Amino acid sequence: MRIAVNRNGPESRFFSLLLTADGRFAGRVWLAPTPGAFVHIRSIRVIGDRIGFHYPGRGKGEPPTAFQRQALAFGNALNADLRSMRVGVVGCGGTGSATAILLARLGVGQIVLIDNDIVDRTNLNRLHGSTQADADAMTPKVEVVAREIARMALGVRVVPMEAWVGDPGCRDALRSCDLIFGATDDHDGRLFLNRLAYYYLVPIIDMGLSIDVGDEDVPTIHALDGRVSVLSPGHTCLICRDVIRPVIASAEALRRTNPEEYERRKIEAYVAGGGNPAPAVVTFTTELACMAVNEMIHRLQGFRGAEGSAANRVRKFHLGEDRHPGHRPREGCPVCSSSAIWGRGDEDPFLGRAG
Ligand SMILES: [Zn+2]
């Protein structure tokens, strides 16, 4: 330690990790240069096809009454893991509000909600917890969902952040999450989360609903797809899955940073996106949230068995079947084709990119 401190400076940190024969982990952070000073690592998260947590007392003790029926299905350890977790939900519209409400009912300990939008009347068909009074008062979506979670009184700590996900004010909250659900239809926001997942090793479960309606006089469903993708080292990123459209992401970034220029280019038809509102129906946004949250439960608890994790699942609601389209990382993708940025963590500029 002394050699390393001399070489790397007094702020150097060391950690020690203990692996036991029964597969458990425990760790300490040693506080150089004070000899012998250390703090215990509160919790260790192991990510991959499954997500494992290691912390003292895991699965011991009685579950609170509200979660006993859940323990009957999945055991005490799942309840304890959920209670120990910090989970982020980015986007609090139809899908995100359903996701957050489900996470609270499962007993997740801390939930961070991030969205910069307010409730309007067109949201009332699907935003869980929203009322006409919220539309009249232009209440932020995060406040509506946080209010509903607080009213459940299940001991869940909820932190609403009325901000765009890439706002520097959200960084601490995001990197302290154990898992993040992406429920935004903002391509630029997805681009940001796509990098964050690999940089900080925080798994992201990203969702998207796509309803393709023909242009006949009476709407005809051509496709009705719900997609759940998991972003994590070893899984293909959203750019390589063709989920993020970079031209739309840059148009969204322009609209946020330079609205006048965005409007000028829109009139001249130089920017992508910004068209008609997308169709949305509450039963499908809510089922999509269930699909995503169940992927989390499986990755924690394993109820689907050894091959049960799905890096990418598309539910064809109109056909009544699930598909698992595979994508390989594109050659040279800086996010998922090599491990160069995986786990790099804090860097200036944030996530290795300016702006
Ligand atoms: Zn990629």
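**Close-up views of a predicted model**

β4 supplies the largest share of the lining of the second largest pocket, with 3 residues. Welcome to a predicted model, in which local features need pLDDT of at least 70 and side-chain atom pairs count only at pLDDT 80 or more, while totals for chains, interfaces and linings use all residues. Residues are numbered from 1 along each chain as its sequence is written, and side-chain values use heavy atoms, with hydrogens and water left out.

**View 1. The second largest pocket and its lining.** A pocket here is an open set of points on a 1 Å grid over the protein atoms alone, where a 1.4 Å probe fits, with protein on both sides within 12 Å along at least five of seven lines; lining residues have an atom within 4 Å of a point. Which residues lie nearest its centre? They are S43, I44, R45, Y200 and L201, out of 18 lining residues. The space inside comes to about 580 Å³, a volume filled by probe spheres set on grid points joined across faces, edges and corners. At least two lining residues each come from β1 (14–19), β4 (44–47) and α8 (187–200). These names follow DSSP runs numbered from the N terminus: helices are H or I with at least four residues, strands E with at least two.

**View 2. L201, a residue with positive phi.** Look for L201 in the loop between α8 and β10 (204–213). Its phi is near 55°, and it is not a glycine. Most residues other than glycine have a negative phi, and most peptide bonds are trans. L201 counts as partly exposed because its relative accessibility is 33%; buried means under 20% relative accessible area, exposed over 50%, and partly exposed in between (1.4 Å probe, protein chains only).

**View 3. The segment after β13 (321–323), with P349.** D348 and P349 are joined by a cis peptide bond, with omega about 0°. P349 is partly exposed, at 33% relative accessibility. L351 is also found in the segment after β13; its phi is near 60°, again positive in a residue other than glycine. Is L351 buried or exposed? With a relative accessible area of 1%, L351 is buried.

**View 4. Four cysteines around a zinc ion.** The protein donors are the SG atoms of C237, C240, C333 and C336, 2.3 to 2.4 Å from the zinc ion. Donors are N, O and S atoms within 2.8 Å of the metal (3.2 Å for Na, K and Ca); water is not among the atoms, so sites may look incomplete. Why is the arrangement tetrahedral? The 4 donor atoms subtend angles of 101 to 116°, and four donors count as tetrahedral if all angles lie between 85 and 135 degrees. Along the sequence, the donor residues follow the spacing C-x2-C-x92-C-x2-C. Both C333 and C336 are buried.

**View 5. The largest nonpolar core.** A nonpolar core is a set of buried Ala, Val, Leu, Ile, Met, Phe, Trp, Tyr and Cys residues joined through side-chain atoms within 4.5 Å. Among its 47 residues, L103, I111, L113, I149, F181 and M296 touch the most other members. Helix α11 (residues 282–301) gives the most to this core, 7 residues. Apart from it lies another core of 35 residues, including V90, V112, I180 and C336.

Technical notes: Tetrahedral: all angles 85-135°; square planar, octahedral: opposite > 155°, others 65-115°.
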